[in-house]
Amino acid sequence: MSFPIVRHRRLRQSAGIRNMVRETHLTVDDFIQPIYVTYGENVKSEIKSMPGVFRFSLDRLQEEVKEIAELGIPAVLLFGIPETKDSVGTSGFAEDGIVQEATRLIKSWYPELLVVADTCLCEFTDHGHCGMVHTVEVDGHICGDVLNDESLDLLVKTAVSQAKAGADIIAPSNMMDGFVQAIRAGLDENGFSHIPIMSYSVKYASAFYGPFREAADSTPQFGDRKSYQMDPANAREALREAETDVLEGADMLMVKPSLSYLDVMRTIKDQFDLPLVAYNVSGEYAMVKAAAMQGWIDEKKVAMEILLSMKRAGADMIITYYGKDASRWLAEKQ
């Protein structure tokens, strides 16, 4: 009887050996926890399609931020649901806007906690698109297009207002052509050359965003976002998008969603020498939660495996709704 020359199982014999040779490690420093802030008082409302995720009014926000800070999570990503909306998203760049007010509060409570401000207009416009639109009525239906260059001015105003409020990182998610260059110039001109841009460089027109649109009340009122978000079938296009953002001054690149685009993440990581962010999006979170609630999967093991896959694919940071849970699970192992 012949025996194997190479025995891979030797390095799998015990937990101690497996831990020593493990190639990829998750830590709490990898996580960015999203937070939804909304208008009103005494609001802590669970998002139906995202069990365990809540909208907080400003007077209830500290309890969430305190928990995040005490777990050692280094950063939060802010999304805002305003009381009023209009066609140009005025409340998105207002000095007293919901994200701006939340940023000031968080930085006053926990100065070392990094605030990442999502820079987009979809939560603040009455039409739900990520920029200004031109609309026409055709056979009784509203149709339209998002105006690219006109939208850039509004996005710059939003980014500058967020930086003035104390945001540590500007994260533009709008996918307009030229948005990184415009925002970089706007920040620099207003004295914020030190503020980095975490660009949503590769953002696909994905069905995995469904629960987020409920959470942020940002569903488009006509059409879809396929004219500015990427076709899920395309990978080479992702390289062009990322390269453009690098040339325009992005400090960090992102792939969103991440779970179904791990191949794209690996390619971006190999091609560009910038920190890479994975966004473990709402639909990915909701699927795991739903299956776990049915008893079909082990939530902890599946969630941690997904996060590990993103880190293995090249992510330096992971935006995830599992940030708090994953931080607790990692602490249990120590």
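**Ground rules.** I number residues from 1 along each chain as its sequence is written. For this predicted model, local features need pLDDT of at least 70, side-chain atom pairs count only at pLDDT 80 or more, and totals for chains, interfaces and linings use all residues, while side-chain values use heavy atoms, with hydrogens and water left out. Helices (H or I, at least four residues) and strands (E, at least two) are DSSP runs, numbered from the N terminus.

**Entry 1, helix H5.** I looked up which residues of H5 (residues 179-189) are buried, meaning under 20% relative accessible area, with exposed over 50% and partly exposed in between (1.4 Å probe, protein chains only). They are Phe179, Val180, Ile183, Arg184, Gly186 and Leu187. Seen down the axis of H5, the buried residues fall within an arc of 165°, so they line one face of the helix; the arc is that of the directions from the helix axis to the C-beta atoms. The list holds strands E5 (114-119), E8 (169-172) and E9 (198-203), and helices H4 (148-165) and H7 (236-248).

Met175 sits in the loop between E8 and H5. I note that Met175 counts as buried because its relative accessibility is 5%. Its phi is near 65°, a positive value in a residue other than glycine. After H5 comes Gly191, whose phi is also positive, near 85°. His194 is in the loop between H5 and E9, and at 58% relative accessibility it counts as exposed.

Two packed helices are described by the angle between their axes and the distance between the axes. I use axes that are lines fitted to C-alpha atoms, for helices over the stretch in contact, and angles that run from 0 to 180 degrees between N-to-C directions. The axes of H7 and H8 (residues 262-271) come within 10 Å and cross at roughly 45°. The two are therefore oblique to each other; angles under 35 degrees count as roughly parallel, over 145 as roughly antiparallel, 65 to 115 as roughly perpendicular and the rest as oblique. Ala238, Leu239 and Ala242 of H7 meet Val264, Thr267, Ile268 and Gln271 of H8.

The axes of H9 (residues 282-293) and H10 (residues 299-312) come within 9 Å and cross at roughly 160°. That makes H9 roughly antiparallel to H10. In the contact I find Glu284, Val288, Lys289 and Ala292 from H9, and Glu299, Val302, Ile306 and Met310 from H10.

Is Ser309 buried or exposed? At 9% relative accessibility, I count it as buried. Leaving out residues up to four places away in sequence, Ser309 touches Leu259 and Leu262.

Most residues other than glycine have a negative phi, and most peptide bonds are trans. Asn42 is not a glycine, yet its phi is positive, about 55°. Asn42 lies in the loop between strands E1 (31-38) and E2 (44-46), and at 53% relative accessibility it counts as exposed. The peptide bond from Lys256 to Pro257 is cis, with omega near -10°. I place Pro257 in the loop between strand E10 (252-256) and H8.

How values were computed: Contact = heavy atoms within 4.5 Å.
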